[in-house]
Amino acid sequence: MKRILLPIILVAVLVLTAACGNGGDKSSSKDGKNGKLVIYNGQHKSATSALIKAFEKDTGIKVEERDGKSNELAHQIVEEGKNSPADLIYTEESSPQIMLDNKGLLAKIDKDASKPIDSKYKSKDDTWTGLLARSRVVAYNKDKISESELPKSVKDLTDSKWKDKFAFQPTSGAFQAQLSAMIKLEGKDAAKEWLEGIKKNGKTYKDNKRALQAVENGDIPFALINNYYWDRQAAEKGKDNLNSRLYFFGNHDLGDMLTVASVGVVKSSKHKEEAEKFVKFATSKKGQQILTDKSKQYPLNKEANTKGMKPFSELRPPEGTQDLGKYADGKEAVNLLKEEGLL
Ligand SMILES: [Fe+2]
């Protein structure tokens with residue numbers, strides 16, 4: 001009897017070990033460990049997936065991508081605590097990373113892994129690092145309005161002269177970050193007044209793509225969007241085949257605010273070494289070129305080529321908007337938007 005039972009028990013134990021994720025999965029990773037990483041991805045899927053594919057090919061480490069909205073994914077990690085399946089989190093802006101860092105939920109990353117990125121765009125305590133910068137910008141229809149007629153500041157849009165002239169997207173994370181920055185720099189009352197003004201004068205759209213399409217069709221003269229929506233169209237169709245152009249205020253105006261898509265390693269990760277490798281790949285020239293080509297956001301590793309986009313060195317973003325401090329979680333901005341019935 002014993003002779004028959006023992007092999008059965010052994011087989012059962014082996015099957016069980018193989019089934020419970022962290023222990024026995026014989027993945028294809030060369031180092032023989034279970035190299036499967038889980039990344040919570042809040043950024044545009046096509047660029048992240050392309051990056052993952054190249055990383056898997058280079059390292060043999062498998063990555064599972066779970067997509068969602070940046071803030072929601074960050075709060076999911078807060079709720080999951082030490083049991084979070086996430087090894088990495090990649091967000092549209094740096095604010096969710098700052099929030100996680102403040103709660104002690106991010107691991108320190110080896111300095112070497114984010115070496116190509118300027119210290120301006122990463123955390124001081126070596127937790128998260130920026131990968132790509134995105135600029136707020138104006139896309140305008142050149143047959144409807146000339147560049148010299150456009151406003152000198154995004155703040156001017158409360159003037160009745162701009163009634164029905166522009167589009168904006170209150171649900172956009174970058175728009176909300178811009179509003180948070182205004183609350184931080186000028187106070188809640190000024191931000192509220194601005195929001196009321198643009199609500200009165202502007203037309204809201206569900207997403208940046210539709211707002212840009214409305215400009216392209218000539219339905220509206222200009223829209224407040226993120227640079228890459230237009231840059232992608234320009235790369236796809238050729239700039240000369242578009243009716244729209246990009247306009248940067250060019251004077252450190254809030255209308256040219258940069259937000260920084262960032263990645264962090266989750267403290268509870270059991271695959272820190274592999275996660276660090278992913279960060280290193282994402283900041284490398286090769287990884288940055290993939291992200292730039294796919295997303296048309298600005299690479300923070302200067303070695304990657306931006307091909308036809310306005311050079312990053314020529315952008316004049318506002319100062320003091322990278323770390324929004326207590327406004328980083330966007331709550332105040334969301335409350336204002338709700339008060340105004342825009343959300
Ligand atoms: Fe976007």
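Predicted model: local features only at pLDDT ≥ 70, side-chain atom pairs only at ≥ 80, totals over all residues.
Mentor: Before we place any residue, note that helices here are DSSP runs of type H or I with at least four residues, that strands are runs of type E with at least two, and that both are numbered from the N terminus.

Trainee: Why is His 44 called partly exposed?

Mentor: His 44 has 19 C-beta neighbours inside 10 Å. A residue is buried with 20 or more and exposed with 12 or fewer, so His 44, with its 19, counts as partly exposed.

Trainee: What makes Tyr 229 buried?

Mentor: For Tyr 229, whose place is in helix α9, residues 227-237, there are 21 other C-beta atoms within 10 Å. Since the cut-off for buried is 20 or more, Tyr 229 is buried. Leaving out residues up to four places away in sequence, Tyr 229 touches Asn 208, Lys 209 and Leu 212.

Trainee: Which residues does UniProt list for "binding site"?

Mentor: An unreviewed UniProt entry lists His 44, Glu 92, Tyr 228 and Tyr 229 under that name.

Trainee: How do you know that these residues gather at one spot?

Mentor: Although they span 186 residues in sequence, no two of their C-alpha atoms are more than 14.2 Å apart, and therefore they gather at one spot.

Trainee: Turning to the helices, how are two packed helices described?

Mentor: Two packed helices are described by the angle between their axes together with the distance between those axes. For helix α3, residues 45-59, and helix α11, residues 285-295, the axes come within 8 Å and cross at roughly 150 degrees.

Trainee: Why is α3 called roughly antiparallel to α11?

Mentor: Angles over 145 degrees count as roughly antiparallel, and the crossing is at roughly 150 degrees, which makes α3 roughly antiparallel to α11. The crossing in which α3 passes α11 is right-handed.

Trainee: Which residues of α3 and α11 meet?

Mentor: On the α3 side these are Ser 46, Ala 47, Ala 50, Leu 51 and Ala 54, and they meet Gly 287, Ile 290, Leu 291, Lys 294 and Ser 295 in α11. The residues of this contact divide into six nonpolar, three polar and one charged.

Trainee: What relation, parallel or antiparallel, do α4 and α5 have?

Mentor: The axes of α4, residues 70-80, and α5, residues 95-102, come within 9 Å and cross at roughly 15 degrees. Angles under 35 degrees count as roughly parallel, which means that α4 is roughly parallel to α5. The contact is made by Ser 70, Asn 71, Ala 74 and Ile 77 of α4 with Pro 96, Met 99 and Leu 100 of α5, and by class it has five nonpolar, two polar and no charged residues.

Trainee: What makes Leu 150 partly exposed?

Mentor: Leu 150, whose place is in the loop between β4, residues 129-141, and β5, residues 166-168, has 18 C-beta neighbours inside 10 Å. With neighbours within four places in sequence left aside, Leu 150 is in contact with Val 138, Tyr 140, Ile 145, Phe 222 and Tyr 247.

Definitions and conventions:
Residues numbered from 1 in each chain as written. Axes fitted to C-alpha atoms, helices over the stretch in contact; angles between N-to-C directions. Parallel < 35°, antiparallel > 145°, perpendicular 65-115°, else oblique. Left-handed = near helix turned anticlockwise from the far one by under 90°. Contact = placed C-beta atoms within 7 Å. Nonpolar A, V, L, I, M, F, W, Y, C, P; charged D, E, K, R; others polar. UniProt positions renumbered as here; feature names shortened; annotations may be inferred.
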